[in-house]
Amino acid sequence: MKICARNILKGSVTHLEPGAVNAEVTVAISGADKITAIVTSGSVHSLGLAVDKQVLALVKDPSVFVL
């Protein structure tokens, strides 16, 4: 897989809201900055995601929404 360094964000999971099919995962990336993603419940399990876990968020450019 080819990725661009500017699309990799290091942080820790601060919130995990599980659902029947998908989960909402919030990652603190620096200071008060956070990123929230919707991932499948299977991905939460296979990646071992949990609050306080250190992660790398890989972000595809077309998937970014600025609010």
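A: Happy to. Where does the largest share of the lining of the largest pocket come from? Strand β3 supplies that share, with 5 residues. Strands here are DSSP runs of E at least two residues long, numbered from the N terminus.

Before going further, a word on the ground rules: this is a predicted model, so local features need pLDDT of at least 70 and side-chain atom pairs count only at pLDDT 80 or more, while totals for chains, interfaces and linings use all residues. Residues are numbered from 1 along each chain as its sequence is written, and side-chain values use heavy atoms, with hydrogens and water left out.

The largest pocket holds about 730 Å³ of space. Of the 22 residues lining the largest pocket, I35, T36, A37, A57 and V59 are the closest to its centre. A pocket is found on a 1 Å grid over the protein atoms alone, as an open set of points where a 1.4 Å probe fits, with protein on both sides within 12 Å along at least five of seven lines; lining residues have an atom within 4 Å of a point. Grid points are joined across faces, edges and corners, and the volume is the space filled by probe spheres set on the points.

At least two lining residues come from each of β2 (22-30), β3 (33-40) and β4 (54-58). Sorted by class, the lining has 18 nonpolar, 2 polar and 2 charged residues. Nonpolar covers Ala, Val, Leu, Ile, Met, Phe, Trp, Tyr, Cys and Pro, charged covers Asp, Glu, Lys and Arg, and the others, Gly among them, are polar.

Now for the sheet. Its 4 strands form an open sheet in the order β3-β2-β1-β4, with antiparallel pairing. Because β3 and β4 stand at the edges with a single partner strand each, one side of each has no neighbour in the sheet. From one strand to the next, the twist averages 45°, taken between lines fitted to C-alpha atoms, with angles running from 0 to 180 degrees between N-to-C directions.

Two strands pair if DSSP finds at least two bridges between them. β1 and β2 are joined in the antiparallel sense by 6 bridges, and they form a hairpin with 3 residues between them. Among these partners, L16 bridges to V25 in β2, and P18 to A23 in β2.

S12 sits in β1 and counts as buried because its relative accessibility is 18%; buried means under 20% relative accessible area, exposed over 50%, and partly exposed in between, with a 1.4 Å probe and protein chains only. Leaving out residues up to four places away in sequence, S12 touches T26, V27, A28, D52, K53 and Q54, where contact means heavy atoms within 4.5 Å.

T26, in β2, is buried too, at 9% relative accessibility. With the sequence neighbours up to four places away set aside, T26 touches S12, V13, T14 and H15, and also K34, I35 and T36.

E24 also belongs to β2, but at 35% relative accessibility E24 counts as partly exposed. Beyond neighbours within four places in sequence, E24 is in contact with H15, L16, E17, T36, A37 and I38.
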